[in-house]
Amino acid sequence: MKQKVGVLGCGLMGAGIVEVCIKSGHPTVVREVNQQFLDRGLKRIDDSMDRAMQKGKLTQAERDAARGRLSATTDFEPLAECDIIVEAITEDRVAKADLWKQVAKVARPGSLRATNTSSIPLSSLAPHSGDPTRFIGLHFMNPVPVMKLVEIVRGIESTDAAIAEGQAFVEGLGKTTILAKDTPGFVINVLLVPYLCEAVRLLEHGVATKEDIDKGMKLGCGMPMGPIELLDFVGVDTTLAIADVLFDEFGDAKYAAPPLLRRMVESGFMGKKCGRGFYDYGGGK
Ligand code: 3HC
């Protein structure tokens, strides 16, 4: 019997996590703050599975079975039945901590609790989770259905058993893991985000066009996407939030967000998910 999974948040990352869980046979409940966000997230999941079907990677029967494992809610109570709870809401320390306080009231004793944070120290969330010994980081990569890696983060109080359960769970989703300590940005984003910010600085200083920066890294270094394209893909706001955490924590200028990145977020240009970032995807904000 597969564990029952609860996913908090059905945005870009939450929807991807839900999709891989239900495709791997886990009964899953996804929680969002309101019906509108829930509907948008469910559409994202449906569209992604439809694309997989069109590409012959999923049969209609597999799709229907996966969809049948999914329930959606705006309440906290259904999380009481979950063996594993994965939080994937916006990269905001206060919002995440507040959410975990709510979850702690209903979570079953012994359930595994994980945050998909990309940079926020676990120690600022774990005390609110109800059981810091069962609290770990499971950092999925975007797009979740495609990327093979999940970074597992060990909090100060996470037990070996919790880490092993997290590892077995994500390996069951077809992913490979790396293990990181609870330091800001862990492994992936402490490397990736300064690289993305450096690309914005090149653009800001007029060193090259965004197209040439992207072309340079794709054709010159074999990256699947150039940094500006990747920034739009990951989310301009998400990248800024991570850069701010790194700068706050390390106090090192190399992590400082370039002003242009902040201006983009202030202007509402969050990237591909909202139709416009550094590139225009033909959408509004
Ligand atoms: N959902 C599901 N499947 C998707 C998808 C999505 N959103 N986007 C692409 N795919 C699948 C396609 O169906 C296709 O599958 P197939 O080869 O079996 O037919 C495959 O991925 C390749 O897609 P495409 O041919 O359409 O496009 P590309 O070859 O350009 O690949 C990409 C798209 C996989 C996104 C590739 O460009 C890539 O690897 N980009 C880099 C992504 C990356 O670096 N992600 C990590 C970001 S860091 C992060 O997430 C951490 C966070 O904390 C910031």
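The model on screen is a predicted one.

Color the buried residues of α1, which are Met13, Gly14, Ala15, Gly16, Ile17, Val18, Glu19, Val20, Cys21 and Ile22. Next, check the length of the helix. Step past the helix to Gly25, which follows α1 and has a positive phi, near 95°.

Now move to the ligand. Which residues come nearest to the ligand? Of the 19 residues around it, they are Lys57, Ser118, His139, Asn142 and Asn189.

Select His139 and look for its polar side-chain atom, 2.6 Å from an oxygen atom of the ligand. Then take Asn189, where an N or O atom of the side chain is 3.0 Å from a ligand oxygen. At Lys55, the corresponding distance from a side-chain N or O atom to an oxygen of the ligand is 3.2 Å. Taken alone, the ligand exposes 1000 Å², of which the protein buries 63%.

Show the helices next: α2 (35-54), α6 (188-204) and α8 (227-234) each give two or more residues to the shell around the ligand. α8 gives the most, with three residues. Coloring the shell by class shows eleven nonpolar, five polar and three charged residues.

Finally, color by domain. The ligand lies between domain 1 (5-181) and domain 2 (189-274), because both give residues to the shell around it.

How values were computed: Residues numbered from 1 in each chain as written. Predicted model: local features only at pLDDT ≥ 70, side-chain atom pairs only at ≥ 80, totals over all residues. Heavy atoms only, no water. Near = heavy atom within 4 Å. Polar contact = N/O pair within 3.5 Å; in protein donor to acceptor, adjacent residues only side chain to side chain. Areas by Shrake-Rupley, 256 points an atom, 1.4 Å probe, with all protein chains shown as cover. Helix = DSSP H or I, 4+ residues; strand = E, 2+ residues; numbered from the N terminus. Nonpolar A, V, L, I, M, F, W, Y, C, P; charged D, E, K, R; others polar. Domains from an automatic or database assignment. Buried < 20%, exposed > 50% of the residue type's maximum accessible area, 1.4 Å probe, protein only.
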